[in-house]
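Have the viewer open as you read.

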Amino acid sequence: MTLKETKSGMVVRIDSVGESTLKQRLMTMGLIPGTRVEVLNSAPLGDPIAIRLRSYNLAIRRDDAAQIEVSQVN
Amino acid sequence: MSALSVALTGNPNTGKSTIFNELTGARQKIGNWPGVTVDKKVGVIEHNGRKISVIDLPGTYSINARSQEEQVVSDYFKENKPDIVVNIIDAANIARNLFLTIQLMENGIPLILNLNMMDEAQRHGIKIDMKKLEAAFGMPVTNTVGRSNKSVRKLLDVFTNAVMTNYKPSKLITEHIDRVHKIEQSGLGATKIEEEIISARYDLIDKIMSQAVTVSAAGKTLTEKLDSFLANGVTSLILMVAIFWLMFQISFEWIGQPLADMLGEFFEETLAPAVAEAMAEAGVADWMQSLVSDGIIVGVGSVVNFVPLIFVLFICLSFLDGTGYMARVAFVMDPIMRRAGLSGKSIMPLIMGFGCGVPAIMGARALDTHKDRMISILVTPFMTCSAKVPILALFAVMFFPDNAGNVVFAMYFVGIAAAIIMAKILSVTTFKDHESSFLLELPPYRLPDPKTVLLEAWDKGKGYLIKAGTIIFAMCVVLWFLSSFNSDGMTDEMDQSYLAGIGSAASVVFTPQGFDTWEAGAAVVTGLLAKEGVVSTIGILYGADEIDPDEAEDAAQALLGTTMAGAFTPLAAIAFMVFTQLYSPCVTALGTIKKETQSWKWMAFAFFYTCAVAWVVSLIVYQGGKLLGFE
């Protein structure tokens, strides 16, 4: 599963960040393998989504999250 | 003794600006870093007989030089060796904040780590052992509590030459730096190396966190509760409209307008007669009296009138920004803005464009990508800024007395539609190869520090005052000259003046739009200098003596008896409104576009393409309207 496909309320762990032009920015913001991510609310029409990781909230578009492989932990 | 130099660095949303404002008060200078339009803030203070100069570096997540801000911080540390560098950390968000800390330490920059908002962290179940953190890094750790001034002033006692002497990087840090060197020399590709280093930094953060920080599960925070309404689904859009409606009510109706009326009264009833009297007594030449009274005071006064509106609007915007709500606006607007080829973050400059385009264009700095910045700058001028409102109000009341409100609303819509359509066109043509993305921290909701809100509003709004004192002043002098002189000298016959000549030359262009009188041409030309000029020019030229741009109804009444009523058909009036709504930004805005894009080419583009759009749309409106049988 990728982060793009997650639903509000899910808790997941990042398996790999995948290749994208955003990769280094995503990693700098703390999205690296092993990180626990909670999927929070979403904007109208369900995109972008708000996620919580490392005690802070981050907004990300579903398309930008499409390369991030995750597995569900809850 | 030279001043002790202190640099403040940290992530965005850490309360760094508030600490800087508290340390330096109003004794700060704001400029731009050389070559880029990122704020450079410096303040000098005296504490216990020592001089301390504090510099506030832009908030960044890293120093990888991917954005202007990052470039500035990275260059600053390459070129400067401040005596003390304070890394401000949002204690509630320590895990991600330490990333920058570690990157700075890798570059051999000695730091004081200041944990800000410890109280908030505790509420979120985050406990930080400062002694252990100090040992883990081998650098001094201090703390400040939210908005407590006392705790911030205490920092000043820490700022001494001797503060760093007893500290050296811990074994943990030196080992990490060795590891980074090994990765750098591993012979991998540049991007792979960068990624390995980023992972190594988070490895170290995890180690330090396990030594000095305990995180216990906290219940739902206030931020999460608020976000389930303010940043979730369709309700968030409705609440957003309500919040902005309230903001515009405050700015334009409840607080801003009454203040503006008081200021206008002062100009008209106190200042103008006093100056006229003084000049008459002093025996100043007639032409000079006319220049000062009819030209400068009236002209500059009409602009200064708008100052309270603009400042109240900016105070509201800075307040909303300080609460963290603006990040949510960007979030909920992203789905809409993305379809227009923009990012949700572009909404902020566009909203500011309803007040004044100049700070709105500067506001585009905050956007991530070149594409988002450029498109926002180029479409912001289509928004109905406060200087365009009097034009709409005057024409709507005069030609459509029964439907004035609807006509003005429709014109706002024309501006917004033009901005969205042009953004879409620019994003699939000129900027089609550029990436757009949206990655935005949603900071916790906080009550902003009043001092910081006021300083920010002043910083954004002061450009408007400067404009009144420079461009508008000069414009009034020129306009007065052009309307009072012709090749034979001074004249009372305005339709013989230079301005009439210029106006009739310009008006030729507008034959297909139905408003090809020299008066309309002259109004369009003066509107290039400042949109406020359009209504003033029309007032002067059509011979209604006193036009108060704020009193559209009276002005319309006064003008109804003049030749203006016959000069425009209702359809031509609509075409004129559409044209003035869309055509070139005023010279101040053009100057700002030049400064922000650092390009004469883009400034020229902004001028010509907006004029072209305005000309074509007003043509379609007029000719289309005629085909449909309107007049």
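This is a predicted model: local features need pLDDT of at least 70, side-chain atom pairs count only at pLDDT 80 or more; totals for chains, interfaces and linings use all residues.

| Property | Chain A | Chain B |
|---|---|---|
| Secondary structure | 1 helix and 5 strands | 28 helices and 12 strands |
| C-alpha box along the principal axes | roughly 25 × 25 × 25 Å | roughly 85 × 60 × 45 Å |
| Buried residues | 47% of 74 residues | 47% of 631 residues |

**Chain A, from the N terminus on**

Read from the N terminus, chain A goes β-α-β-β-β-β. Its radius of gyration is 11 Å, close to the 11 Å that the globule rule gives for 74 residues, so chain A is as compact as a globular protein of that length.

Now for the strand-by-strand view. Strand β2 (residues 36-42) of chain A runs antiparallel to strand β3 (residues 49-53) of chain A, and 3 bridges join them. Within that pair, Val39(A) has Ile51(A) of β3(A) as its bridge partner, while Glu38(A) stands opposite Arg52(A) in β3(A). The hairpin made by β2(A) and β3(A) has 6 residues between the strands, and Leu45(A) takes a positive phi near 70° there.

On we go to the next pair. β3(A) is joined to strand β4 (residues 56-60) of chain A by 5 bridges, again in an antiparallel arrangement. Ile51(A) turns up here too, with Leu58(A) in β4(A) as its bridge partner. This second hairpin, of β3(A) and β4(A), has 2 residues between the strands, and Arg54(A) in the turn has a positive phi of about 45°.

**The rest of the interface**

Zooming out, 35 residues of chain B are in contact with 27 residues of chain A. On the chain B side, the elements that give two or more residues are α3 (94-106), α8 (190-212), α9 (222-230), α10 (233-254), α14 and β10. Which of them gives the largest share? That is α8(B), with 5 residues. Sorted by class, the side of chain B that touches chain A has 18 nonpolar, 9 polar and 8 charged residues.

**Chain B on its own**

Chain B is divided into domain 1 (4-215) and domain 2 (384-434 + 483-631). The C-alpha centres of these two domains of chain B lie 51 Å apart. As for the chain as a whole, a compact globule of 631 residues would have a radius of gyration near 25 Å, and the 28 Å of chain B agrees with that.

Chain B also has an open sheet of its own, with 7 strands in the order β2-β3-β4-β1-β5-β6-β8 and mixed pairing. At its edges stand β2 (28-32) and β8 (141-144) of chain B, each with a single partner strand, so one side of each is left without a neighbour in the sheet. From one strand to the next, the twist averages 25°.

Inside this sheet, strand β5 (residues 84-90) and strand β6 (residues 112-116) of chain B pair in the parallel sense over 5 bridges. Ile89(B) has Leu115(B) in β6(B) as its bridge partner. α3(B) lies across β1 (4-10), β5 and β6 of chain B, running at about 160° to β5(B). Helix α6 (residues 149-158) of chain B packs on the sheet as well, touching β3 (39-47), β4 (50-56), β6 and β8 of chain B, and its direction makes about 155° with that of β8(B).

How values were computed: Residues are numbered from 1 along each chain as its sequence is written. Chains are lettered from A and ligands numbered from 1 in the order in which they are written. Two strands pair if DSSP finds at least two bridges between them. Helices (H or I, at least four residues) and strands (E, at least two) are DSSP runs, numbered from the N terminus. Domain bounds come from an automatic or database domain assignment. The radius of gyration is taken over C-alpha atoms; the globule rule is 2.2 Å times the number of residues to the power 0.38. A residue is buried if 20 or more other C-beta atoms lie within 10 Å of its own, exposed if 12 or fewer, and partly exposed in between; C-beta atoms are placed from the backbone. Two residues are in contact if their C-beta atoms, placed from the backbone, lie within 7 Å. Ala, Val, Leu, Ile, Met, Phe, Trp, Tyr, Cys and Pro count as nonpolar, Asp, Glu, Lys and Arg as charged, and the others, Gly among them, as polar. Axes are lines fitted to C-alpha atoms, for helices over the stretch in contact, and angles run from 0 to 180 degrees between N-to-C directions.
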